[in-house]
Amino acid sequence: MAKKTQEEENPNSEYGQAAQYDHNFKGPVKNRGCTDIICCILFLLVIIGYIVVGVLAWIYGDPRDVLYARNSTGWFCGVGPNKDRPNLLYFDVLKCAMSVNVMASVLNGFQCPTTQVCVKECPSEFWAVQIQSYVTGVIPATVFNPDYCVPSVNLNNTEPSVSEIVHRELCPFMLIPTTPVLGRCFPDIAALGNIPKDFENVPALSGSVNDTVALIKNGTGTGLVVLGIINSFNAKDIATRIFADFASSWPWIILGLVIAMLVSLLFLLLLRFTAPVMVWVLIFGVLAAGAYGIWHCAWEYQNYKQNSATITTIGFTTNFQSYLEVQETWLAFLIILCIVEGILLLTLIFLRTRILIAIALIQESSKAISYMMSALLYPVVTFVLLLVCVAYWGATALYLATSGSPTYKVVALNSTMSNCSGIDGTKNCDPLNFTSSDYPNCTSASCIFINYNSTDPFRKNLQYLQIYNAVAFLWCVNFVIALGQCTLAGAFASYYWAFEKPSDIPMFPLFGGFIRSLRYHLGSLAFGALILTLVQIMRIILEYIDQKTKGSQNSCARFIMCCLKCCLWCLEKFIKFINRNAYIMIAIYGKNFCVSAKNAFQLLMRNVIRVVVLDKVTDLLLFFGKLMVVGGVGVLSFFFFSGRIKLPGSGFRSENLNYYWMPIITVVLGSYLIAHGFFSVYNMCVDTLFLCFLEDLERNDGSAERPYFMSKGLMKILNKSNKIQKKQKAKD
């Protein structure tokens, strides 16, 4: 028997005692009880509270305020009675740009002190009421377009007159070219330069038309907001074209994603046979790249040494290219690469056995997945649950954000009238019961929707539920991920501890792991998820503080903030590592979270070198796998969607695409997500089998009473063997 390594002969006592043999242990414990009950109850209460928050948000919120525009009376455009009128038209959009009166203090969002109506299409041409139309006896229907007027106005009679209609803003006195943005008709900046000359004769109800249009066009004052909105959403036409590209290429996008799925599956299954070759090729490839770098640096160093090019000849300069033309730079590169190459060679020599163990575990993981192909479908379950969490969080946040009650104010639409000076836009009103006759001295008085008011205590406090929404969302997301990890760990542990594979593998191991996790360990999973959530909340708070104080931070404050961010990032990574291994121990032994986390950490620390080697070898292999899947499918999609590869009879023409790179990006991102989903299952399998392998080494010794459960390949690498043959099936 070969001499045992120090890890096996004398495990570090400071990290606990080695696991003791238990003749009743045959894999994941079946007789187990509920763990971390207090945290389980707390989590269920939070979920119930989350449901209550969602109900309150649904009752008091109205997301239509975000999705649709409102007219002056508070009706939404594009829904209900205005279903065929999706756009909001401002009668005097110049008031939005000027905001010269008191009403500027009550403006909110896109609401302006002017009448707003829902229209089918935004006006695209200049138009104005001519002077001759103001004479008595002119029928308003011959002057105004009823599509742009208040629906209740009667244009077929001489009363109200054209002048009264204009003063009361029942119809717009002028129209300018506009473009629909977020369901609102905003000025078309490109067309504002062609103002007709007859606009000089338009009665200036809001000041000089030309000056105000110039205000919007030049982007000054409130016009800057309008200009910014328009420029931000000028990509609507681009979005339409992209949507058309997706509509014509979606079957081929799906085909590309299917190819990515098949390649990922094939890669994982073939690792059973190709893992040794791939790992050694990658390792020697890195060594070869380092050797080439050493040769190239030595060659450059000799060239510049012969030319007597030293760093003293160039001195200090901001041109970094100059430093690549002196011998000292290449000498430094040469020394660094030699040190790195030496470390890699020594690591390879002294850790070759552990590399072989890592390769054998990777092969065993591929074999385990081949026996439990259903495990590769579990990421779909995780994705669906995460999608539910995200959808519920988004809907709740949207409803909470619109939980205020609509506010209407009495507004003098024509503030130039002397009799309207007392109407300052502070008096509330009800649009359903409002009549202009209540203000006989101000015919332009109107009841206009201003904003959503949240001044009453109950509705105002509803906004604070956004914090609860965010915290509960993070906790639920982390719990879903923990549930997936514990489920997969239970399934793969069932594989490892089956003495005869595959005959001793229990029926439906994945389903069994899922049921055990939900029935017994809901509290433990919620406990681990809560710890991770608290760390993530600290990171969010720190990021918020950094954003709020960024303008006033000095160099010392920025350094401290950067250090805090780095520490919390490292803490989050460490918590994720501990949680992952704790869930594996929970799935196997059924202990509570703290005990499982302690046992997992001590077990790993007793075998810390093996942990590092396995982790890096697995990361290297999976990175290469993702690169192969994403890169291969990405290159294939590039050649197809760019027209370099044509499929006869497919009916698809790349020339019909407006932006062929959008389907390519979609395929690449989708391929990455698919590869990540498959490889995350594989990574969990490797970690689970590794912990089981370490437990197997500590529990058993290969004797008849304590046989090893590991594969023959692993026993061969470790020079171990079972003294008895594996049990044979009973003969008929």
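Reader: How many disulfides does a search of the whole structure find?

Author: A disulfide is a covalent bond between the sulfur atoms of two cysteines. Here, a pair of cysteine sulfur atoms within 2.5 Å counts as a disulfide. Searching the whole structure gives three disulfides. Some background: this is a predicted model, where local features need pLDDT of at least 70, side-chain atom pairs count only at pLDDT 80 or more, and totals for chains, interfaces and linings use all residues. Residues are numbered from 1 along each chain as its sequence is written, and side-chain values use heavy atoms, with hydrogens and water left out.

Reader: Which cysteine does a disulfide join to Cys77?

Author: The partner is Cys118, with an S to S distance of 2.0 Å. This pair links distant parts of the chain, 41 residues apart: Cys77 lies in the loop between helix H3 (64-67) and strand S1 (87-90), and Cys118 in strand S2 (residues 116-119). Helices (H or I, at least four residues) and strands (E, at least two) are DSSP runs, numbered from the N terminus.

Reader: Is the disulfide of Cys77 and Cys118 left-handed or right-handed?

Author: Look at the torsion about the S-S bond: for Cys77 and Cys118 it is about -80°, so the disulfide is left-handed.

Reader: And where are Cys122 and Cys185, the next pair?

Author: A disulfide joins Cys122 to Cys185, again with S to S 2.0 Å. The two are 63 residues apart and link distant parts of the chain, with Cys122 in the loop between S2 and strand S3 (127-128) and Cys185 in strand S6 (residues 184-187). The torsion about their S-S bond is about -80°, so this disulfide is left-handed.

Reader: What about the link of Cys149 and Cys171: left-handed or right-handed?

Author: The sulfur atoms of Cys149 and Cys171 are 2.0 Å apart and form a disulfide. Its S-S torsion is 120°, and the link is right-handed.

Reader: Is Cys149 buried or exposed?

Author: Buried means under 20% relative accessible area, exposed over 50%, and partly exposed in between (1.4 Å probe, protein chains only). Cys149 has a relative accessible area of 3%, so Cys149 is buried. Cys171 is buried too, at 1%. Cys77 and Cys118 are both buried, and so are Cys122 and Cys185.
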